[in-house]
Amino acid sequence: MKYLFILVYAFLNLTVLASERQGLERSIAQITVYSQPPDFDAPWRKKNIKTSRFLGVMVRPGIVLISAHSIAYQSMIELNLVGDSSKVPMEVELVDFNVNLALLRPREAGALKGMTPIDIGPPLKINEVAALISGKNKQRLSRSPARLHEVSLNQASTSSYSFIFHLFEVRKTHGLGWSEPVLDTKGRLTGLAVGQDSDFVYAIPLKIIDHFLKDWMNGSYQGFPMLGLRFGGLDSPFLRRYLDIPQNETGVLITSILENSPYLDKLKVNDVLLKIGRESIGNNGYFNHKRWGRVHFIELLANYYAGDEIKLTVLRSHDTLEISANSRPYDQQMYLIPGYPFSGVKHLVFGGLLFQELNLGFLNTWGKKWQRRAPVEMVYKYLNENKPTRNGNKRIIILNRVLPDPHNKGYQGLSNVILLKVNGREVDSIPSLREALKHPRNKEKPVAVFEFYAAGGKIVLDYHGISVAHGRIAKNYQIHTDSTFFKNN
Amino acid sequence: MNHISENERLTCSLTTTSKWAHQAFRNILARMRVLFPLLLISVSAFGLDSAHLRRSVYKVNVVSQKPNFSQPWQLGRQSRGSGTGFYIGDGRILTNAHVVAGARYVTVQRDGDDHPTIVKIRYIAHDCDLAILEAESTDFFRDAAPLTFGGLPKLRRQVVTIGYPKGGEQISITEGIVSRISYRRYIHSGYHRHILVQVDSAINPGNSGGPVIQGKQVVGVAFQAHTGAENTGYIIPTPVVKRFLEDISDGKYDGHPDIGLMVLKGGLNNAAMRRYLHVEDDLGGVVVIFVASYTSTNGLIQKGDVLFEINHHPIGLDGKVIFEGERINFKAIFDLMQMGKKVVFSLLRKGKKLEVTVPVERSRRHHDLANIYPKFPRFDVFAGLIFSSLSRNYLKGWGANWYQDAPVHLRFIHWYSQILPRFKNVEELVVLSGRLPDPVNIEARRFEEAIVDEINGIPISKLEDIQAAIPKGDADFIQIKMWNHPVPIVMPRSDALKAHPDILKKYDVFPERWLK
């Protein structure tokens, strides 16, 4: 009798497992992405084609969710069901690099009839066990138990936007964090794994995914909001006494209001932010989350869509004020040193001097440890001086390197220096560089004068012969894009 | 019989009848090939034999303690090391500064002696890695002949390095060839550049401070090895040694001057640059791209000047001059000058030729880009907050790869403070290097390694400013603002003043400041 029970139990479980597996494999597919990231050292071309595989999960009929990182710089995307080799060409429906999420749809409508959308579950609780689904390269999917260890503030690898991530304990983290769906015990989607370290797998939580989907379904995607403020903690009782903040008030000190903040003319430095909406904020920037306990107040922004009115309660000289503004979408391209240039690397060559924008993509050419290896003045500026500008069109322009040519003799050792001025004009973008180059010095024998940051010094190049030099350089270095070179039209 | 001359008969006999003898002689000769040069050298060097050499070249044994940059009122652990020194007359032994840096006890011993002799460090020059030791009694040198100095060693000529490298107790002699003469950074300083000579003989630990001889004279002091290459060593050449000896002749070491200039080498190869700066075709030179505010060139040399001569040595487009038959960076000329002398630059400024005389003076700031070797680093402690002077040594607390591993903002300000308006003219960069935990300073934990900007509204330009600033400002609070931190450290004044002596006692801090 005992053995019969064990057999029946095992059979039922196998059946459940088998049918569950079949269910999963109707909702989760393997995605092959062919991508070509830019070559930051030669920005007129791209690097070798890279083939990568990920998992995508159907969230709506014909719509597959995947991490944005997976499809960055993509040139082609294909989907296949697990265990099935036939490929369905896909294209990008929507991508938001700020939260590292993207939606794909088939090129041909109805091509994913064999798939069913996955159910969306409720958010997880701390210590709740979920399943991390992997198998991007296998003939079947597999599950790894993943315990939700904590929620914490972090940034997507594709942006500097901060939001709350789930940190899962998984027995082996190696090889995970490549867009694996996270499912609860009932097989419902509750997160998307997008990164790992030796201890944890990091996942985008359901709230962010839900926000992203609903925003898309509204018809015109607004994005995630930003306040445009910088804060300091007020947990020092001495600081609170010094600033004369009553003991019964808790909140964070507003230390800076960024140029693109919707609160620019409404808030003041040293205002104390007490609440966002109805939630009170603690002195260390945390609030009491119903499900997760103490969580950073940034989590509250996920309750809003960009453009929504967000009410802030602040303390100013003992007065409590309610200040509202229509939030703006976070846009990393507004920053002086923006994130990855997913739409191409802006650059310009003059006489063999290769100028381009400083961005996170360029800094990452020094590898994962770029904060240690990249030129310290660039790293410093990225970490300490990187702010958005009102119009978002100011940049730091660097001289990447010099493409040796007789025209630039004497300067060929220069590389990785920040450009300040050209022909006496400040340069803060590639367009302003082009403009400055249109105004040579010394009319009789025109020259371009370049001034660099710190000890980069000043160098001078002739305009005469520049077209011929450009022709030589284009041929020598296989530069086929016409727009790479300066032309004085 | 064929006619054979007398000579031929003899030759034939050596060749034919004494083949075995001839072969034996060749075998012996081959074995002597190794020994023969050494014997030759030991006999020919200075006209002294090896016994005399043994009386003049010594093993230097050192017990040292390095400063502790984390708890700067304490000394670090003791360690033992050894090097080489040699007699230069007047009761003086020349060796390297790095052999005796941080020394608490130094002895010298000659090969063949059965006991060491205590010596004192009379002069130490960390900027050029040289030091002078003096024995307690001049009897020690009674049989010693001072080694004499020659000029810059000749390229591609043989040199002999004499010393006491690890691996034995006896004097060791190795040969090499002078392979390169350049102007490069000395490791012991970490910042200062001087003429440097490369030899292809191994210079091993223990050789440091030993004489390097070419012909009959000392042409350098062995001091560095190339860790990435075999049989490559470096020596401090005699021009640098002679400069050091002349510097200390007045009883005080003034140090090497810092030219404080950065130039664009090779920039005048470009025709457009030459035209723009009005540089005639027959003129060489380099363009000045940066002038430090704290050196004597400031105010006299300008950015954009074209330097084409230094003390009437023409400067090439590569920034080099001819010095003692070799081409060397022009800065070496300035580097070899004594304090108080003058250097004449011939330069072009906006197309006009000028001669500018620059006095050779000490650098005007504490913040040193070089390694420092104090007994205690400069520091001050207040209410448990440890304020230190930012230095290369401080950054080396992050390990051998400090230039990558130290915090970004410290690395940045260490190199670029000269171009930051706030710090351009400070004498010293003050870091909150640590905290002796106490309730009064508990909130400062977030600010460790931050650079101090102001205390009570007073800008801080050196450690001495701290004690001057503390009494100022708000009656109830002491406010310490850190660079790039919008929120200050705030401490109740009365609590901080009360806690200060208690903290010193609790953590056994003595002295509570060192500002030498």
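**Reading contacts and the A–B interface**

User: Which residues does Val57(A) touch, not counting residues up to four places away in sequence?

Analyst: Contact means heavy atoms within 4.5 Å, and in this predicted model Val57(A) touches Ser27(A), Ile28(A), Ile63(A), Val64(A), Leu65(A), Ile118(A), Pro181(A) and Leu189(A), with residues up to four places away in sequence left out. Residues are numbered from 1 along each chain as its sequence is written, chains are lettered from A and ligands numbered from 1 in the order in which they are written, and side-chain values use heavy atoms, without hydrogens and water. Because the model is predicted, local features need pLDDT of at least 70 and side-chain atom pairs count only at pLDDT 80 or more, whereas totals for chains, interfaces and linings use all residues.

User: Where does Val57(A) lie, and is Val57(A) buried or exposed?

Analyst: Val57(A) belongs to strand β2 (residues 50-60) of chain A, where strands (E, at least two residues) and helices (H or I, at least four) are DSSP runs numbered from the N terminus. With a relative accessible area of 0%, Val57(A) is buried, a word that stands for under 20%, with exposed over 50% and partly exposed in between (1.4 Å probe, protein chains only).

User: What does the side chain of Ser208(B) make a polar contact with?

Analyst: A polar contact is a pair of N or O atoms within 3.5 Å; within protein, one must be able to donate a hydrogen and the other to accept it, and residues adjacent in sequence count only if both atoms are side-chain atoms. Here the partner is the side chain of His98(B), at 3.0 Å, while Ser208(B) itself sits in the loop between β9 (193-199) and β10 (211-214) of chain B and is buried, at 9% relative accessible area.

User: How many residues are in contact between chain A and chain B, and what is the area buried between them?

Analyst: The size of an interface is often given as the accessible area lost when the parts come together. In this model 40 residues of chain A are in contact with 37 of chain B, and the buried area (1.4 Å probe, summed over both parts) is about 3,300 Å², with carbon and sulfur atoms giving 63%.

User: How many salt bridges count between chain A and chain B?

Analyst: With a salt bridge taken as a side-chain nitrogen of Lys or Arg within 4 Å of a carboxyl oxygen of Asp or Glu, the count is three. The side chains of Asp462(A) and Arg275(B) also meet in a salt bridge, at 2.3 Å from N to O.

Conventions: Buried area is the accessible area (1.4 Å probe) that two parts lose on being put together, summed over both.
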